[in-house]
Amino acid sequence: MIAFVQGPVAVVGAGVAVVEVGGVGMAVQCTPTTLATLRVGEVARLATSLVVREDSLTLFGFVDDDERATFEVLQAAPGVGPKLAQAILGVHSPEALRAAVAGGDEKALIAVPGIGKAKAAKLLLEYKDKLGAPHGTVPAQKPVASGPAPWHEQLHSALVGLGYAPREAEEAVTRVTPEAEAQSVPDVGALLRLALRGLNRAR
């Protein structure tokens, strides 16, 4: 098992980052919020989970061990593959997810693209005794470091990466612009969650 990868970031693309490890480029599937923390040329350390299929080996990357462990619990549920598990973590941090499951919050799961009301109810039951109790207050997301891509480009790319059409993504970015402009350093993770809530209401 590959527990983590560490090295300079060679590429940050839609849904994937390439991290150079010992002269080899490791392609790592990441959530939009994780990708937003990476910068090409800077050293990154990502906790990883290797998903083995008959025709593929896919490496998924996470900001820390807690997120990786949560991913592995999520995808073990019936009807939840690695892509949906990753989408859930793209919307909710592990602690926010534990709080949602403990509180029976269906709306929190419905906010994830690909999860409807019926599936959300089933997953709440499935995860109730597997994710564990919340550890405490839900931590605030760390502000994304400044870099070449403005916050609105990062957010737009993140939404497109989650499956929304470019036009939908642009409209969502416009809706959260006042919130972003009120922050000294726009928090792309928090803005992403706000944008997703608006998109789900619009649908």
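Predicted model: local features only at pLDDT ≥ 70, side-chain atom pairs only at ≥ 80, totals over all residues.
The number of aromatic pairs is 2. In one of them, Phe 60 and Phe 71 are tilted, with 5.2 Å centre to centre and 35° between the planes. This pair joins distant parts of the chain, since Phe 60 belongs to strand 5 and Phe 71 to helix 2, 11 residues apart. Phe 62 and Phe 71 are likewise tilted, at 4.8 Å centre to centre and 45° between the planes.

## Nonpolar cores

The largest nonpolar core contains 42 residues. Leu 74, Ile 115, Tyr 127, Trp 151, Leu 155, Leu 159 and Leu 196 are the members that touch the most others. At least two residues of this core come from each of strand 5 (56–62), helix 2 (65–74), helix 3 (82–91), helix 4 (94–102), helix 6 (117–127), helix 7 (151–161), helix 8 (166–181) and helix 9 (188–202). In soluble globular proteins, nonpolar side chains tend to be buried together.

Leu 196 shows what one such member touches: leaving out residues up to four places away in sequence, its contacts are Val 91, Ala 111, Leu 159, Leu 162 and Tyr 164.

## His 92 and helix 4

His 92 is located in the loop between helix 3 and helix 4. With a relative accessible area of 11%, His 92 falls under the 20% limit and so is buried. A polar atom of the His 92 side chain lies 2.5 Å from the backbone oxygen of Ala 108. Apart from residues up to four places away in sequence, His 92 touches Leu 97, Ala 108, Leu 109 and Val 112.

In helix 4 the buried residues are Pro 94, Glu 95, Leu 97, Arg 98, Ala 100 and Val 101. They pack against helix 2, helix 3, helix 5 (106–110) and helix 6.

## A charge over a ring

The charged end of Arg 45 is placed over the ring of Phe 4, at 3.9 Å from the ring centre.

Definitions and conventions. Residues numbered from 1 in each chain as written. Heavy atoms only, no water. Core = buried A, V, L, I, M, F, W, Y, C linked by side-chain atoms within 4.5 Å. Buried < 20%, exposed > 50% of the residue type's maximum accessible area, 1.4 Å probe, protein only. Helix = DSSP H or I, 4+ residues; strand = E, 2+ residues; numbered from the N terminus. Contact = heavy atoms within 4.5 Å. Polar contact = N/O pair within 3.5 Å; in protein donor to acceptor, adjacent residues only side chain to side chain. Phe/Tyr/Trp six-rings, centres within 6.5 Å; stacked < 30°, edge-to-face > 60°. Lys NZ or Arg CZ within 6 Å of the ring centre and 35° of its normal.
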